[in-house]
Amino acid sequence: LFESVIKYAEEKGCYLILNGDLIEGAMKNSPGSVFESTMSPIVQIGYICERLKNIAKAGRIINIVGGNHDHDRQLKETGLTPTDMIVSNLAQYDPTLLDRYCPDGAYTFISLKGKSNGGGRNTTVTYGIFNIHGGGGASKIGSKIQKLDDMANIFDANLYIRSHTHTPEYHTGTKMVV
């Protein structure tokens, strides 16, 4: 799945938000099994860096946040995380990634330029994106969507992304902004 996403992103020139869990990162004292992984954590880090290198060179990584598999587990046991190592490696191709790496969550503004609908004037529209890997064991779709909705009460954004849920879902909400 990862390979197909990266191949698609490279072919289409997509921009990526890397929202945690880039590697499995099983540790001796963490959930998961180091014996079930097909690659060691250091090999996983090298693999991810190699596969993301071209996208980083093109400046198409919007931001990077840590997840429970690639950040939280190792931080508790070692103080250094695979996410830190991945960002450090990719920063050789795009040094601005160091400014767009936030282990806990990111709040990003993206401005898009284009022509207005009627007059043909150049316009710029800015969108706010809040993304966090997230945590917690919401087991039902309703409670997972509630966690997304809760983010809207904390951060004012146009798009909220939360990844820890392990199941794809989306919610379109409406809120009044004065």
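**Exercise 1.** Determine how many residues line the second largest pocket, and which of them lie nearest its centre.

*Solution.* The second largest pocket has a lining of 22 residues, and those nearest its centre are Leu148, Leu159, Tyr160, His171 and Gly173. The elements that contribute two or more residues to this lining are helix H5 (141–152) and strand S5 (159–162), with S5 giving the most, 4 residues. By class, the lining divides into 8 nonpolar, 9 polar and 5 charged residues. The space in this pocket comes to about 620 Å³.

The model is predicted, so local features need pLDDT of at least 70 and side-chain atom pairs count only at pLDDT 80 or more, whereas totals for chains, interfaces and linings use all residues. Residues are numbered from 1 along each chain as its sequence is written, and side-chain values use heavy atoms, with hydrogens and water left out.

A pocket is an open set of points on a 1 Å grid over the protein atoms alone, where a 1.4 Å probe fits, with protein on both sides within 12 Å along at least five of seven lines, and lining residues have an atom within 4 Å of a point. A volume is the space filled by probe spheres set on the points, which are joined across faces, edges and corners. Helices (H or I, at least four residues) and strands (E, at least two) are DSSP runs, numbered from the N terminus.

**Exercise 2.** Describe the lining of the largest pocket by element and by class.

*Solution.* The largest pocket, with a volume of about 940 Å³, is lined by 24 residues, of which Phe2, Val5, Gly20, Asp21 and Leu22 lie nearest its centre. Helix H1 (2–12), strand S1 (16–19) and helix H2 (41–57) each give two or more residues, and the largest share, 4 residues, comes from S1. The classes are 13 nonpolar, 8 polar and 3 charged residues, where Ala, Val, Leu, Ile, Met, Phe, Trp, Tyr, Cys and Pro count as nonpolar, Asp, Glu, Lys and Arg as charged, and the others, Gly among them, as polar.
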